[in-house]
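I keep the sequence and the structure open beside the page.

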Amino acid sequence: MSAVTVRLPDADATRAYGRALAGVLRAGDLVVLTGDLGAGKTTLTQGIGAGLHVRGQVASPTFIIAREHPPVPREDGSTGPTLVHVDAYRLGSLDEVDALDLDASLEEAVTVVEWGEGWVESLAQDRLEVVLARPRGGALTDDDLDDAAAGERVVTVRAVGERWADVALPDADPVAG
């Protein structure tokens, strides 16, 4: 099991890190995102979507729970995997998670689940667990939510399982620790 922690100064850097993370993702990968409201989970997923070169705007699927973004052809004609973007925030039971039938598309897609900790780990022994935090010495304010692009994020990516044994995780600007 390996882990990397990076400091990202703003939303643009968070998206850029998501693009870098997409470079190590492949069909069948599960990414579980954890972090407070406004920590950058959707922002990171936007970067993953850009890196995977998928169709459609990656936005928070809070009210529809899950969105599927199919790949679009790259300049060389190749395509990557579909991105399945899930928001588990409003789910209230494991039965509701099962009803999403995420395991049906798991092998053909990269599945990213916001608020997934404690809900989706059973879907795959191999996964990335990503914790996002915005250290600022207190709770989020309305101003923080209005200016979601501002502020540093600290992102910790933990690789779980054999799939990740020889994969180097992106580590721009490692946090001393």
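This is a predicted model: local features need pLDDT of at least 70, side-chain atom pairs count only at pLDDT 80 or more; totals for chains, interfaces and linings use all residues.

Entry on the partner of E152. I noted that the side chain of E152 meets the side chain of R7 in a salt bridge, with 3.2 Å from N to O. The two residues are 145 apart and the pair links distant parts of the chain, since R7 sits in strand β1 (residues 2–8) while E152 sits in the loop between α5 (142–146) and β7 (153–160). I also looked up R7, which is partly exposed with a relative accessible area of 37%.

Entry on the whole structure. I reminded myself that side chains of opposite charge can pair when their charged atoms come close. My search of the whole structure then gave 5 salt bridges, and I followed up some of them here.

Entry on E129. Which residues are linked with E129 in a network of salt bridges? I found that R127 and R158 are linked with E129 in this network. For R127 and E129 the closest N and O atoms are 2.8 Å apart, and for R158 and E129 I wrote down 2.2 Å from N to O. Because R158 lies in strand β7 and E129 in strand β6 (residues 127–133), this pair ties together parts that are 29 residues apart in sequence. I then checked burial: R127 is buried at a relative accessible area of 12%, E129 is buried at 16%, and R158 is partly exposed at 32%.

Entry on two helices. Two packed helices are described by the angle between their axes and the distance between the axes. I looked up helix α1 (residues 11–22) and helix α2 (residues 41–52), and their axes come within 6 Å and cross at roughly 45°. That angle makes α1 oblique to α2, and I recorded the crossing of α1 past α2 as right-handed. The residues in contact include A11, T14, Y17 and L21 of α1, and among those from α2 are L44, G47, I48 and G51.

Definitions and conventions: Residues are numbered from 1 along each chain as its sequence is written. Side-chain values use heavy atoms; hydrogens and water are left out. A salt bridge is a side-chain nitrogen of Lys or Arg within 4 Å of a carboxyl oxygen of Asp or Glu. Helices (H or I, at least four residues) and strands (E, at least two) are DSSP runs, numbered from the N terminus. Buried means under 20% relative accessible area, exposed over 50%, partly exposed in between (1.4 Å probe, protein chains only). Axes are lines fitted to C-alpha atoms, for helices over the stretch in contact, and angles run from 0 to 180 degrees between N-to-C directions. Angles under 35 degrees count as roughly parallel, over 145 as roughly antiparallel, 65 to 115 as roughly perpendicular and the rest as oblique. A crossing is left-handed if the near helix is turned anticlockwise from the far one by less than a right angle, and right-handed if clockwise. Contact means heavy atoms within 4.5 Å.
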